[in-house]
Amino acid sequence: MTEAIEPITTTIAVGMAAALTGFLARYQNILYYFHESCRPEWISFNRTGLQADLESKLFGQHVASRIILKAVSGFMNNNNPKKPLVLSLHGWTGTGKNFVSKLIAENIYVEGMGSSFVHVFTSELHFPHASEINTYKSQLQQWIKGNVTNCAQSMFIFDEMDKMHPGLIDSIKPYLDYYDKLDGVSYRKAIFIFLSNAGGESIIQMALDFWKAGRDRNEIELKDLETSLSLSVFNNKKSGLWHTSLIDKNLVDFFVPFLPLEYSHVVQCALAQMADRGLEPNQDVAHQVARECVYFPKPEKLFSVKGCKTIDGKLDYYI
């Protein structure tokens, strides 16, 4: 005959189980603070921070700054977006496209670009061979599905879109569309950012036209560029967005133009780099660095060929 369990033994067992459950719950909560997770402790939008960063660290990009702040703020403050946020950033090299992506990530994720929920794809590194495009399509779909399943508020950055094989990006079109769920997964809280030099020529021409007309570049508005930019990108056979359904079906929320940088902007970049290094900003050094840069077009020498891309390296020579 089985012996009856003593009441005191039962009480102790129940108490220990409750204590263990409480400890595990507390341990899990503590763990969330030390190990990145898809929770508000690690993912929380800082609008004030993004605005301050755009105003103090991004130079010569009044159009892009306004669009980015409004687009990201509106999306992040919407608890029930109808689709993912899709931004397509275009402009000449060194104008700030990658930098802005970094600022967005830093003001959403505690770990910034180092977050396990921020994913960067570079065309020449991740999709180098045109003959493997079908394999890349399948891998890309699986990668995005898996990561959004893991965390709905994931961010995907596609760099060098102008070097991506046409047709590849169309494989993710369903994830960017107006669907509540696909195979049980909702993509509506994800962010997709495309970076490309495509369309840079039309942006430069607009800035040059304003300069030749004696107009301030700060008068340039999105409406002056958006239509020509989207058409230029859509019809560029060398771009990963050539005849893409993402544009054809209006799934790109904003085409964000980055204007070419002038001498004064390069000086600002140099001063900002000094400040980032903990150095006292030196106007003379900043102007020396700016004078070292190459400018175009040849008659006017108005815009920096490499924007602010090589400023950090040039500073090493003068400091």
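Biologist: What share of the 319 residues in the protein chain is buried?

Modeller: Buried residues make up 45% of them. Buried here means under 20% relative accessible area, exposed means over 50%, and partly exposed lies in between, with a 1.4 Å probe and protein chains only. This is a predicted model, where local features need pLDDT of at least 70, side-chain atom pairs count only at pLDDT 80 or more, and totals for chains, interfaces and linings use all residues. Residues are numbered from 1 along each chain as its sequence is written, and side-chain values use heavy atoms, with hydrogens and water left out.

Biologist: Good to know. How many helices and strands are there in the protein chain?

Modeller: The chain has 13 helices and 7 strands. Both are DSSP runs numbered from the N terminus: helices are H or I with at least four residues, strands are E with at least two.

Biologist: Which strands form the open sheet, and in what order?

Modeller: First the general idea: strands of a sheet pair through backbone hydrogen bonds, either parallel or antiparallel. Here, 5 strands form an open sheet in the order 2-3-4-1-5, with parallel pairing; two strands count as paired if DSSP finds at least two bridges between them. At the edges are strand 2 (118–122) and strand 5 (254–258), each pairing on one side only. Inside the sheet, strand 1 (residues 85–91) and strand 4 (residues 191–196) share 6 bridges in the parallel sense. For a pair to look up, take Leu87, whose bridge partner in strand 4 is Ile193.

Biologist: How many residues are in the largest nonpolar core?

Modeller: A nonpolar core is a set of buried Ala, Val, Leu, Ile, Met, Phe, Trp, Tyr and Cys residues joined through side-chain atoms within 4.5 Å. The largest one has 78 residues, and those with the most contacts inside it are Val72, Ile108, Ile144, Met155, Phe158 and Ile172. Helix 3 (residues 62–76) supplies the largest share of this core, 9 residues. Apart from it lies another core of 17 residues, among them Cys269, Ala286, Tyr295 and Cys308.

Biologist: Which residues is Val72 in contact with, leaving aside neighbours within four places in sequence?

Modeller: Counting a contact as heavy atoms within 4.5 Å, Val72 touches Phe45, Leu50, Leu85, Leu87, Ile104 and Ile108. So Leu87 turns up again, this time as a contact of Val72.

Biologist: Now the cysteines. What is the count of disulfides?

Modeller: A disulfide is a covalent bond between the sulfur atoms of two cysteines. The working rule is a pair of cysteine sulfur atoms within 2.5 Å, and the count comes to 2. One joins Cys38 to Cys151, S to S 2.1 Å; with 65 degrees about the S-S bond, this link is right-handed. It connects distant parts of the chain, 113 residues apart. Cys38 is partly exposed at 32% relative accessible area, whereas Cys151 is buried at 1%.

Biologist: And where do Cys269 and Cys308 lie?

Modeller: Cys269 is in helix 11 (residues 263–276) and Cys308 in the loop between strand 7 (303–304) and helix 13 (311–318), so their link ties together parts 39 residues apart in sequence. Their sulfur atoms are 1.9 Å apart, and the link is right-handed, with 85 degrees about the S-S bond. Cys269 is buried at 12%, and Cys308 is buried at 15%.

Biologist: Why is Cys293 too far for a bond?

Modeller: Because its closest cysteine sulfur, in Cys308, is 7.6 Å away. Cys293 is also buried, with a relative accessible area of 10%.
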